[in-house]
Amino acid sequence: MIRVVLPAHLKSLARTADEVQIELDGNVCVSSVLSAIEARYPMLLGTIRDRTTHKRRPHIRYFACERDLSHDSPDAPLPEAVARGAEPLLIVGAMSGG
Amino acid sequence: MSSIRVLVGTRKGAFILTCDGKRDAWRVNGPHFAGWEIYHVKGSPLDPDRLYASQSSSWSGQVMQRSDDGGATWETVGNHFVYDGVPGTHQWYDGTPHPWEFARVWHLEPSLTDRDTVYAGVEDAALFRSTDGGQSWSELSGLRTHTTGSSWQPGAGGMCLHTILLDPKNPQRIFTAISAAGAFRSDDAGATWKPINRGLKSAQIPDPDAEVGHCVHRITFHPSRPHVLFMQKHWDVMRSDDAGDSWREVSDNLPTDFGFPIDVHAHEPETIYVVPIKSDAEHFPLDGQLRVYRSRTGGNAWEALTNGLPQRDCYVNVLRDAMSVDTLDPCGIYFGTTGGQVYMSPDGGDSWKAIVHDLPAVLSVEVQTLP
């Protein structure tokens, strides 16, 4: 079970609770987690990453285990603590905008 | 008795203001989509409870919303806007080629004949259409791929297609306007387009009467006379009596002819309204006095409308999509400000009052007159 925390504006868009839990087989990475999230909540398509290229939107960040994973390969395995559900993957709206 | 529903898009959400036909006791519902920029909300003329909304943020991009109950509940619909073919480039601010990049939907225009068909004007400037209630979008690429397209440049607010007018007498005819390319017309339902900027003069471009490059802020018409167009340009208020083939200036005695919105009285096709703004550098009213100007002669002979509007220390702006009219008699005029006020006049502009004072900055105002 993977735990994912969405930023507040996407929680309201997806009408979800504070934390989303998903089951994943295979490689637990940002790409596979986001694909699972988008499959369950299609209204989030395009709001975290580009729909076609899957490039992260400039003002979105991925944090876990007190690390910024935003610039890692989206196919890189997530920390083991995230993969076993001990720690959440945080999808964060960067400190920008107004 | 008829009732009024005002759809207000703001920097931080949408608000729906409702009232009976007396237009004096308003209810405020919202914010919808709190925290998101709502560039535009507009209802279908065929089914006024069918609303479309453009929702966006700098973090998460474009989201589209649809309601089938007048805004009580909303459903997220499609946000996949992909330019047709290989998009190519337009000019950037510095004159270099820049790839077309979708940024946001500025304006939504529901079809006059089909509740599931809606047009979207987007940045970077292009026209999209959905025929399935907003679930999927296809570009009418004949506009963007016009031979002049590669020379278009963004205005200060981005290169946006902000105005879409559907001709109620000719279903083949569509007008659009782009900052800062100009006005365009299609006579074949959006397949091909021609610039309609003859008569415009813009000192801010190298060739003041060029075919394209004019910063048109807004165009409008009265539904009974769609060949008579009124334009608020960057500077100058203009009029065309031949569906845009030629324009003449009708600024006349306006204290400044810079501004953004322009609209037409619901029952008097020659009565038009603008909100003069001091200048392109100072986007606020002259002398701190918020004044709507009315011409009853289709331009020229402007009169200031001040009764109920702040006449000192007012430094708000009124954006291009933030003025609308109802169809009651007498006609109601509405506009929203960047200071968060929505003003309305129940008597064609003779007197004004604020429906709300303290919303986020208002981006758009659309009025529905409900049976």
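Chain B of this predicted model is built on strands: there are 30 of them, and zero helices. How does the radius of gyration of chain B sit against that of a compact globule? A globule of 371 residues would come out near 21 Å, and chain B, at 19 Å, agrees with that. Some 52% of the 371 residues in chain B count as buried. Among the contacts in chain B with a separation of 6 or more, 48% join residues 24 or more positions apart.

One residue worth a stop is E211(B), which sits in the loop between β17 (194–195) and β18 (216–221) of chain B. Leaving aside residues up to four places away in sequence, E211(B) touches T148(B), P195(B) and N197(B). Then there is G182(B), 29 residues from E211(B) in sequence, with a C-alpha to C-alpha distance of 8.4 Å in space.

Chain B also meets chain A, in a contact that draws 12 residues from chain B and 14 residues from chain A. On the chain B side, strand β6 (residues 61–67) supplies the largest share, three residues. Sorted by class, that side of chain B has nine polar residues and three nonpolar ones, with no charged residues.

Note on methods. Residues are numbered from 1 along each chain as its sequence is written. Chains are lettered from A and ligands numbered from 1 in the order in which they are written. This is a predicted model: local features need pLDDT of at least 70, side-chain atom pairs count only at pLDDT 80 or more; totals for chains, interfaces and linings use all residues. Two residues are in contact if their C-beta atoms, placed from the backbone, lie within 7 Å. Helices (H or I, at least four residues) and strands (E, at least two) are DSSP runs, numbered from the N terminus. Ala, Val, Leu, Ile, Met, Phe, Trp, Tyr, Cys and Pro count as nonpolar, Asp, Glu, Lys and Arg as charged, and the others, Gly among them, as polar. The radius of gyration is taken over C-alpha atoms; the globule rule is 2.2 Å times the number of residues to the power 0.38. A residue is buried if 20 or more other C-beta atoms lie within 10 Å of its own, exposed if 12 or fewer, and partly exposed in between; C-beta atoms are placed from the backbone.
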